[in-house]
Amino acid sequence: MSIMNYLPINIKLKHIIPRAHGAWAMWITPLIMGMMFSGFTPGGILLFFTALTLFTTHHPVTMTLQKRKTSQFKNYLAASIMSSLTFIILGGFLIYQHFSLELLYIGGATIVILGFHLLLVKLKMGMTAMGQMTGIAGLTLTAPAVFIINTGTISDSSLMLWFINFLYFSTAIPYIRLKIRIQSKIHEPVSIMTKLKMGLPAITMSLIPIVIMVLVGLKLMIIPFIPGLLKSFWGTFVWLPGEKVRATQLGIIEFIFTMVFILLTWWVLEGTGW
């Protein structure tokens, strides 16, 4: 008889599906963009499901670390074990079908980076800029991974695609913090200068990718980042004091801007023969 028979375990979708809906785009977007430039293949589909199981493993493992002394601990622990085993099976099959040292390097880098992110979560630093950016760095490695599977090798283009996605999703960190943690808690009208001071981190972070693209000589690549910069300016100055900001609304906004980012990136890179 399994040990599970002795434990009051009741795994539900909430124990597996991440509450941070925007995080879904962080691994799906670079994967789709990688396929757009390297091709849609059965190997890419297998990578999609492998990455999906890794992504859904992250949430229960994170919650297991955070809820050790709660009644939900056993449920999250069981969900972590189930998701981890699924990932190991699919990941093993993926490596067997498309074995290469480069794929092992990318897979190892992903596990190490996300492992460091989980360490930060355990240290209660998961919601810091470092904690969130390490998570983004690991999730966006699906771009070079799909290039390896579809072309047999990693390339400068695939690493650049990863870097572009990393920069884009990193800009969302101060913007979401501005809307949820700062603006929603202010109940009095504020001056334009006060709004600018509160929104300056979001605006600055949105400017960084544009500056980097200019410095590395990819001037046309500033185009996909311009909508995000405009969003930061709009979000800084246009808001109602004390207005309740809903995560679902922000999720929809981020989804729309991500779709625009994908299309503009594809348009620019295709137009330049990248």
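Helices here are DSSP runs (H or I, at least four residues), numbered from the N terminus.

This is a predicted model, in which local features need pLDDT of at least 70, side-chain atom pairs count only at pLDDT 80 or more, and totals for chains, interfaces and linings use all residues. Residues are numbered from 1 along each chain as its sequence is written, and side-chain values use heavy atoms, with hydrogens and water left out.

**Helix 6**

Buried means under 20% relative accessible area, computed with a 1.4 Å probe on protein chains only. Among the buried residues are Pro144, Phe147 and Asn150. The buried residues of helix 6 pack against helix 1 (23-38), helix 2, helix 3, helix 4, helix 5 and helix 7 (156-170). Contact here means heavy atoms within 4.5 Å.

**Cavity and pocket**

On a 1 Å grid over the protein atoms alone, a cavity is a set of points where a 1.4 Å probe fits but cannot get out; a pocket is an open set with protein on both sides within 12 Å along at least five of seven lines; lining residues have an atom within 4 Å of a point. A volume is the space filled by probe spheres set on the points, which are joined across faces, edges and corners.

| Space | Volume | Lining |
|---|---|---|
| Largest cavity | about 40 Å³ | 4 nonpolar, 3 polar, no charged residues |
| Second largest pocket | about 390 Å³ | 16 nonpolar, 8 polar, no charged residues |

In these classes Ala, Val, Leu, Ile, Met, Phe, Trp, Tyr, Cys and Pro are nonpolar, Asp, Glu, Lys and Arg are charged, and the others, Gly among them, are polar.

The whole structure holds 1 cavity of 30 Å³ or more. Its lining includes Tyr168, Ser206 and Phe225. Helix 9 (192-215) and helix 10 (226-237) each supply at least two lining residues. For the second largest pocket, helix 4 gives the largest share of the lining, 8 residues.

**Salt bridge**

The count comes to 1 salt bridge, a side-chain nitrogen of Lys or Arg within 4 Å of a carboxyl oxygen of Asp or Glu. Glu254 and Lys231 form it, at 2.8 Å, N to O. Glu254 lies in helix 11 (residues 247-271) and Lys231 in helix 10, so the pair ties together parts 23 residues apart in sequence. Glu254 is buried, at 11% relative accessible area. Lys231 is buried too, at 7%.

Conventions
Buried means under 20% relative accessible area, exposed over 50%, partly exposed in between (1.4 Å probe, protein chains only).
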